[in-house]
Amino acid sequence: MSLLSLPVSTLGVPRIGPRRELKTALEAYWSGQSDAKALLETAAALRVANLARQHGQGVSVIPSNDFSLYDHVLDTSVMVGAIPRAYGWTGGPVPLDTYFAMARGSQGATCAHGAAEDAHGVPALEMTKWFDTNYHYMVPEFTKDQTFTLASRKPIEEYEEAKALGYKTRPVLLGPVTFLKLGKSKDPALNPLSLLARLLPVYCDVLRQLHEAGADWVQIDEPCLVLDLDEPTREALRQTYCRFADALPGLKIMLTCYFGGLGDNLETALTLPVAGLHLDLVRAPDQLDAVIAKAPRRLVLSLGVINGRNVWRAPLSGIVTWLEPVLARIGAERIELAPSCSLLHVPIDLELETDLAPDLKDWLAFSVQKMNELAVLGQALAQGRACVSDQLAASDLAAKRRATSARVHDKAVAARLAAITPDSAKRANAFAQRAPAQRAALGLPPFPTTTIGSFPQTAAVRQARSAHAKGTLSEADYEAFLRQETEAAIRWQEDIGLDVLVHGEFERNDMVQYFGERLAGFAFTRHGWVQSYGSRYVRPPILFGDVSRPQPMTVSWWRYAQSLTAKPVKGMVTGPVTILNWSFVRDDVPRAVACRQIALAIGDEVRDLEAAGARMIQIDEAALREGLPLRKAEWGAYLDWAIGCFRLCASGLADVTQIHTHMCYSEFNDIIAAIGAMDADVISIETSRSKMELLDAFRLYKYPNEIGPGVYDIHSPRVPEVGEMVDLLGLARQRLADDQIWVNPDCGLKTRHWDEVRPALVNMVAAARALRAVLLTGEDQ
């Protein structure tokens with residue numbers, strides 16, 4: 001075979017920089033410590049480094065326009081001029097401050113571009129999870145009179161930037177059908193897909209300009225193809241790609257879908273007039289035979305054979321064995337190798353990790369290593385295995401050692417799993433019996449106020465944690481510092497009149513990492529950052545083996561905080577489903593098995609908190625819904641084990657012990673019965689950006705337990721006024737009974753600053769008191 005390698009693509013790479021350079025630049029700009037020029041220079045340098053890194057690892061099909069200052073869906077909204085009127089944009093280039101106001105909200109006064117804002121500022125666009133990943137996107141917002149116009153040439157400019165550096169790239173665009181399906185309207189009668197005819201001319205303009213600039217291929221991402229689609233959506237896809245083919249007959253499109261298989265959308269995808277089709281063969285390997293059998297002979301197939309969402313080293317020899325007959329069947333000229341999806345979802349470079357155990361490190365692959373794996377596969381399939389025999393042998397040896405490692409398997413954990421029975425996941429009595437006992441014991445006022453758990457991680461907190469980790473701050477001095485921060489938080493909460501307090505979580509680096517570091521079976525990185533949203537990055541734990549809890553993890557901090565006050569302090573733990581969904585999970589056992597192991601460990605902690613005297617314990621399941629399979633046919637199996645794992649944590653507790661939970665970014669309508677089955681005494685949810693719309697599901701379901709609908713958006717620096725929160729609570733009262741309602745922020749306050757948190761919580765307490773006054777006087781709001 002004359003080829004040196006099959007074509008290799010990445011579909012997209014991490015944006016953040018190996019040392020989180022983008023985060024530093026963004027936060028310096030937002031704080032006024034740097035200007036737009038400095039921010040844009042950093043962004044350009046990161047793009048250059050990304051291009052060079054891919055080229056150096058043997059990637060032959062390098063993407064452009066996969067970079068974003070905040071979010072690629074937001075970039076698309078800006079590109080097509082889908083900017084709500086509230087942000088003051090009237091045409092022309094979109095200023096950075098407008099872009100970031102859409103992402104983060106604004107406090108008020110006047111934007112840098114001179115457009116007057118509401119005196120109280122403008123809230124950010126709604127934010128939710130990107131399909132079933134841990135990445136967030138900004139939800140496009142449409143109106144019935146929506147118009148679209150080319151408002152940003154970013155895709156063209158970044159293609160030309162790469163071209164000037166000597167890189168012939170394949171630009172990436174979010175497909176118009178997926179873009180519209182990701183959006184929403186305040187007008188329930190508006191179907192965003194009805195706007196397609198207005199949107200397509202802008203896309204055609206972008207594609208034309210890319211083609212004129214020299215692009216012969218464009219990658220268009222339509223991940224909606226792995227969802228349950230109705231016929232109008234399939235017809236929208238047909239109209240879209242026929243329009244592109246008619247308008248730009250010389251431009252080749254690589255249609256990219258990921259996060260699952262095409263399933264019943266296979267026929268639609270294969271009839272679209274595109275030059276290439278990307279398949280996620282990690283999530284859905286069985287679809288390959290059907291695609292090959294039915295695909296047009298002209299169609300190039302991008303085979304997503306390296307996991308773009310997890311960190312495990314690939315079994316390269318096995319993949320070569322799998323693909324060799326595929327190559328013989330359809331020919332090398334029709335194959336491209338790729339990760340299952342963009343590498344956005346994995347850390348950048350494993351070589352930065354100097355503290356991982358050597359055996360564990362040998363089982364892993366981050367973005368750079370995955371590029372190398374693809375290059376090895378490309379060479380093996382083009383030239384034969386002998387040319388990369390050493391790399392294949394190393395991969396085989398790593399897989400064998402991992403499968404037989406004593407670090408991975410624990411017989412005691414297996415025995416506990418085998419002992420689980422249906423009664424293991426039950427409380428003694430139903431909520432109707434528990435609620436009176438809890439209300440009598442706690443003695444809380446109507447509309448009780450609390451927070452979700454964390455308080456700001458100030459520079460002083462981060463510096464102390466860093467100094468302790470480096471050994472320059474002793475264990476005793478670090479604990480004294482944390483006690484001081486905890487006491488200050490307790491005293492301040494008492495001063496402003498919160499009813500249920502939290503200890504602030506100053507000792508916790510992250511709500512998942514903190515627990516993972518104290519559980520057997522987890523490992524952690526120092527530089528394994530991935531983007532959650534904007535400048536919010538996380539280092540997901542690596543769940544590599546059986547899970548157990550060697551000793552209590554939170555009891556001493558709860559006991560100390562409770563000793564400082566007569567008011568109730570919530571015990572705070574992260575739930576098993578969230579720990580699972582926010583980790584890089586082992587791929588050698590079913591996810592349900594790994595989750596039950598975590599649930600047993602967290603349940604041990606919950607019962608120890610109760611034994612220590614905690615009468616309120618919050619088991620956060622912020623990520624329960626995001627683990628929901630993308631196809632509804634698979635929901636039941638997931639929800640059965642996920643809800644069962646939550647209940648396993650809370651089983652065996654006394655009626656008087658009140659269990660709280662918190663859930664993020666959740667459209668509850670379609671899983672409300674499962675939420676009810678969790679049987680948490682109090683659930684807090686994020687509702688402020690949706691203006692309490694999420695509560696409609698609870699009202700229609702007649703949810704019996706108590707609910708804390710978030711009354712302000714903690715993802716924005718805005719400080720909402722009392723009246724705004726009272727109005728939101730008024731909307732909540734239209735949907736819920738008064739004795740169901742708690743008053744709290746949308747989420748934890750770790751990422752915010754005290755100068756935002758203090759006035760916001762003072763206003764929140766005042767809003768609750770205003771509602772209590774309404775109850776006392778009997779007057780309507």
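Two strands pair if DSSP finds at least two bridges between them. The model used in these exercises is predicted.

**Exercise 1.** Find how many bridges join S16 to strand S17, and which residue of S17 is the bridge partner of valine 573.

*Solution.* Start with S16, residues 571–574. Four bridges join S16 to S17 (residues 616–620). The two strands run parallel. Now look at valine 573: its bridge partner in S17 is isoleucine 619.

**Exercise 2.** Sort the residues of S16 by the way they point, and decide: buried or exposed?

*Solution.* In a regular strand, side chains alternate between the two faces of the sheet. Here Gly571 and Val573 point one way. Met572 and Thr574 point the other way. All are buried.

**Exercise 3.** Give the strand order of the open sheet and name the edge strands.

*Solution.* Five strands line up as S16-S17-S18-S19-S20, with parallel pairing. S16 and S20 (706–709) are the edge strands, since each pairs on one side only. From one strand to the next, the twist averages 20°. Helix H22 (residues 591–612) packs on this sheet and touches S16, S17 and S18 (658–663). The direction of H22 makes about 180° with that of S16.

**Exercise 4.** Classify the crossing of helices H20 and H22 by angle.

*Solution.* The axes of H20 (residues 555–563) and H22 come within 10 Å and cross at roughly 30°. Angles under 35 degrees count as roughly parallel, so H20 is roughly parallel to H22. Their crossing is right-handed. Val555, Trp558 and Arg559 of H20 meet Glu605, Asp608, Leu609 and Ala612 of H22. By class, this contact has four nonpolar, no polar and three charged residues.

Key
Residues are numbered from 1 along each chain as its sequence is written. This is a predicted model: local features need pLDDT of at least 70, side-chain atom pairs count only at pLDDT 80 or more; totals for chains, interfaces and linings use all residues. Side-chain values use heavy atoms; hydrogens and water are left out. Buried means under 20% relative accessible area, exposed over 50%, partly exposed in between (1.4 Å probe, protein chains only). Axes are lines fitted to C-alpha atoms, for helices over the stretch in contact, and angles run from 0 to 180 degrees between N-to-C directions. Contact means heavy atoms within 4.5 Å. Angles under 35 degrees count as roughly parallel, over 145 as roughly antiparallel, 65 to 115 as roughly perpendicular and the rest as oblique. A crossing is left-handed if the near helix is turned anticlockwise from the far one by less than a right angle, and right-handed if clockwise. Ala, Val, Leu, Ile, Met, Phe, Trp, Tyr, Cys and Pro count as nonpolar, Asp, Glu, Lys and Arg as charged, and the others, Gly among them, as polar.
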